[in-house]
Amino acid sequence: MTSMKRPTAAVLIIGDEVLSGQVEEQNISFFIQRFRVLGVELERVTIVGDKREDIATAVREMSDRYDHVCTTGGIGPTHDDITMDAIAYAFDVKLVEDPVLLGLVHDVFGESASEAHRRLSRVPEGSSFEGSNGPPWPTVVFRNITIFPGIPRLLQSKFDIVAKRYGGVPAYWGHVDILAREVDIYDRLNAVVSGHPDVEIGSYPRREEDGWRTRLTVECL
């Protein structure tokens, strides 16, 4: 067996609008693809609504269990943007106005900065920042949790800036399609699986006009 081990990750999608279908979730496929390229094992994706206790429970469990956690959504200035507060609650730390972020708020909004704008500077005490020092805002990191916006375009640009922090072990993967049913290749496929314990092998049947096809996938370090 190989001694190499890929770091693990979990993603927490936050927002009532996702669960209700008001907003179509578009970030999960991005995380799957990017973590795969980076060599990080994405082991869990969870969607929760805008409830502080639910967010806190999920993020604490993920932080304890996985090497990396990414959250998306709930970091804006409105009443239902409670991700920062929920993470602070989960780890029993204060929600504080960070002077660096507060300075950015005043630089951007000047005298028109309101209480809503000041909410953008509030983070769990002990947070660090990665990325830009000006708009767009730097990405907030608390412990092993990276806190991303929910808007796909912003999330993707921020992820690429901080991607080096995940430090994975890139893997090889590929697939082949064969004109056969899974039951027809059962014995031969089991023999291949037994002979290559370091390779993750999957089989996925589908019905097409010319008959049954099975896609065989392989992935290994």
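Predicted model: local features only at pLDDT ≥ 70, side-chain atom pairs only at ≥ 80, totals over all residues.

1. Is T8 buried or exposed? Its relative accessibility is 8%, and because the cut-off for buried is under 20%, T8 counts as buried. T8 has its place in strand β1. Once its neighbours within four places in sequence are set aside, T8 is in contact with V40, E41, E43, R65, Y66, D67 and H68.

2. How many of the residues of β3 are buried? Five of its five are, and the strand is mostly covered. The cover is on both faces: H68, C70 and T72 are buried on one side, and V69 and T71 are buried on the other.

3. Next, have a look at helix α3, residues 52-65. A simple check on its length works well here: with 14 residues at 1.5 Å a residue, the helix should span 20 Å, and its end C-alpha atoms are 20 Å apart, which agrees. The buried residues in α3 include I55, A56, A58, V59, M62 and S63.

4. Helix α4 deserves a point of its own. Six of its eight residues are buried, so α4 is largely enclosed by the rest of the structure. Those buried residues are T83, M84, A86, I87, A88 and A90. Leaving aside neighbours within four places in sequence, I87 is in contact with V59, P124, F142, I145 and I147. Just after α4 comes D92, which takes a positive phi of about 55°.

5. Now for the aromatic rings. A search of the whole structure finds ten aromatic pairs. One of them is F31 with F159: the ring centres are 5.9 Å apart and the planes are at 80°, so this pair is edge-to-face. F31 belongs to helix α2 (residues 28-38) and F159 to helix α7 (residues 152-162), so the pair ties together parts that are 128 residues apart in sequence. Both residues are buried: F31 has a relative accessible area of 1%, and F159 has a relative accessible area of 0%.

6. How are the rings of F159 and Y166 arranged? Their centres are 5.4 Å apart and their planes are at 20°, so the pair is stacked. Like F159, Y166 is buried. One aromatic cluster is formed by F30, F31, F35, F148, F159 and Y166.

7. Charged side chains meet rings as well. The charged end of R165 sits over the ring of Y166, 6.0 Å from its centre, and the charged end of R52 sits over the ring of Y89, 3.8 Å from its centre.

8. R165 lies in the loop between α7 and β9 (172-178) and is partly exposed, with a relative accessible area of 26%. Setting aside neighbours within four places in sequence, R165 is in contact with H68, E130, V141, R143 and T146. Of these, E130 is 35 residues from R165 in sequence, while their C-alpha atoms are 9.7 Å apart in space.

9. Last, turn to strands β10 (residues 200-208) and β11 (residues 211-220). The two run antiparallel and are joined by nine bridges, and a hairpin of two residues links β10 to β11. E200 has E219 in β11 as its bridge partner.

Terms used: Residues numbered from 1 in each chain as written. Heavy atoms only, no water. Helix = DSSP H or I, 4+ residues; strand = E, 2+ residues; numbered from the N terminus. Expected span 1.5 Å × (residues − 1). Buried < 20%, exposed > 50% of the residue type's maximum accessible area, 1.4 Å probe, protein only. Contact = heavy atoms within 4.5 Å. Phe/Tyr/Trp six-rings, centres within 6.5 Å; stacked < 30°, edge-to-face > 60°. Lys NZ or Arg CZ within 6 Å of the ring centre and 35° of its normal. Pairing = 2+ DSSP bridges.
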